[in-house]
Amino acid sequence: MADDKVRLGIHELIAAYSDCIDDDRLEEWPDFFVEDCRYLITDRESHREGLRHGVIYCASRGMLIDRVTSTRRVLMYEPHRYRHIVGPVRVGAMTDGTAEATSNFIAVRIMHDGETGIFATGRYLDRIDVRSEPYRFIERVVVLDSRKIDTLLAIPL
């Protein structure tokens, strides 16, 4: 079980991460991860089967930076933004400066015309480096509740 300082640091990391995406500060998004990280968006069935592929897969901070660059300069998609609602964070095992955490989320998508709707629901499965502040994600696996993935999944969840 993590102590209160570690728990608060993990909560701050997860809240700041959501704010970064929701405020369209995507260029800052890779800074929430260690250099040798993993970011994966997958569906519940694939995760349950242990499949390591996903809709978005990045295996280093460099790949996260490339993802932001392509989102800004290459991908063509209808302008939109997210608002994340993240449920209580459960901090689990902590070994050798790495903490495990899980939390549920809802991501609401707001289109450029103001239309708003639930875009994605699921849970975050995190491994977090807590050896120094600010804490960073070693791994963030986004497990979507639905297998149906909207083609507008351009922005990280």
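Predicted model: local features only at pLDDT ≥ 70, side-chain atom pairs only at ≥ 80, totals over all residues.
Glu-28 pairs with Arg-25 in a salt bridge, and their closest N and O atoms are 3.0 Å apart. Arg-25 is partly exposed too, at 28% relative accessibility.

This pair also belongs to a network: salt bridges link Asp-23, Arg-25 and Glu-28.

## From a loop to helix H3

Next comes Glu-27, whose side chain meets that of Arg-72 in a salt bridge, at 2.8 Å from N to O. Here the two partners come from distant parts of the chain, 45 residues apart. Glu-27 sits in the loop between helix H1 (4–22) and strand E1 (33–43), while Arg-72 belongs to helix H3 (residues 61–73). Arg-72 has 34% relative accessibility, so this residue counts as partly exposed.

Another salt bridge joins Arg-147 to Glu-45, with 3.7 Å between the closest N and O atoms. This pair also links distant parts of the chain: Glu-45 lies in helix H2 (residues 44–48), Arg-147 in the segment after strand E7 (136–144), and 102 residues separate them.

How exposed are the two partners? Arg-147 is exposed, because its relative accessibility is 59% and the exposed class starts over 50%. Glu-45, at 26%, counts as partly exposed.

## The overall count

Methods
Residues numbered from 1 in each chain as written. Heavy atoms only, no water. Salt bridge = Lys/Arg side-chain N within 4 Å of Asp/Glu carboxyl O. Buried < 20%, exposed > 50% of the residue type's maximum accessible area, 1.4 Å probe, protein only. Helix = DSSP H or I, 4+ residues; strand = E, 2+ residues; numbered from the N terminus.
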